[in-house]
Amino acid sequence: MTVSYADALLYAQGRLKMLGSGELKPFCETHQLTYTNIVNLKNGKLKREEPRLVQRVLVSLGIPAQQLRFPLTSKTTWFVLPDAEALASFQAQLHFLVSPKL
C-alpha cells in the first residue's frame, strides 16, 4: 500500500489549499511546522523534493504515512499507508482534489 512522492505532494498541496483564509498559520503552529516551508509547499515553490516535510504534513492531516525508499539506493521516495482502507481513502480524496471542478 504505497503512494508515490508526487501523489503525496499533490494531496498535501490540495489539502493545504482547502484551509480557509487565516487558517494556515495556526495549522503550522499547532503541528510545529515552519510557516514559510508550508507556504512554499502549498504554492509548489519548493526548490527540491522534501519527503520529510511532505510526510509531516500528511501525518498532520491525519494520513499515517511512513517513508520508504526502494531499492535502498533509489532516490525515489514512496509513502507506505497502514492498510488498504487508508490507501482507498487517500486515493478517493486525491481524485477529488485534482479533478477539475465545474
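Q: At roughly what angle do the axes of helix H1 and helix H4 cross?
A: This is a predicted model: local features need pLDDT of at least 70, side-chain atom pairs count only at pLDDT 80 or more, and totals for chains, interfaces and linings use all residues. Residues are numbered from 1 along each chain as its sequence is written, and side-chain values use heavy atoms, leaving out hydrogens and water. Helices are DSSP runs (H or I, at least four residues) numbered from the N terminus, and their axes are lines fitted to C-alpha atoms over the stretch in contact, with angles from 0 to 180 degrees between N-to-C directions. H1 (residues 5-17) and H4 (residues 51-60) have axes that come within 10 Å and cross at roughly 50°.

Q: What does that make H1 relative to H4?
A: Angles under 35 degrees count as roughly parallel, over 145 as roughly antiparallel, 65 to 115 as roughly perpendicular and the rest as oblique. That makes H1, relative to H4, oblique.

Q: Which residues in H4 does H3 meet?
A: H3 (residues 35-42) and H4 have axes that cross at roughly 90°, so the two are roughly perpendicular. In contact (heavy atoms within 4.5 Å), Asn-37, Ile-38 and Leu-41 of H3 meet Leu-53, Val-54 and Val-57.
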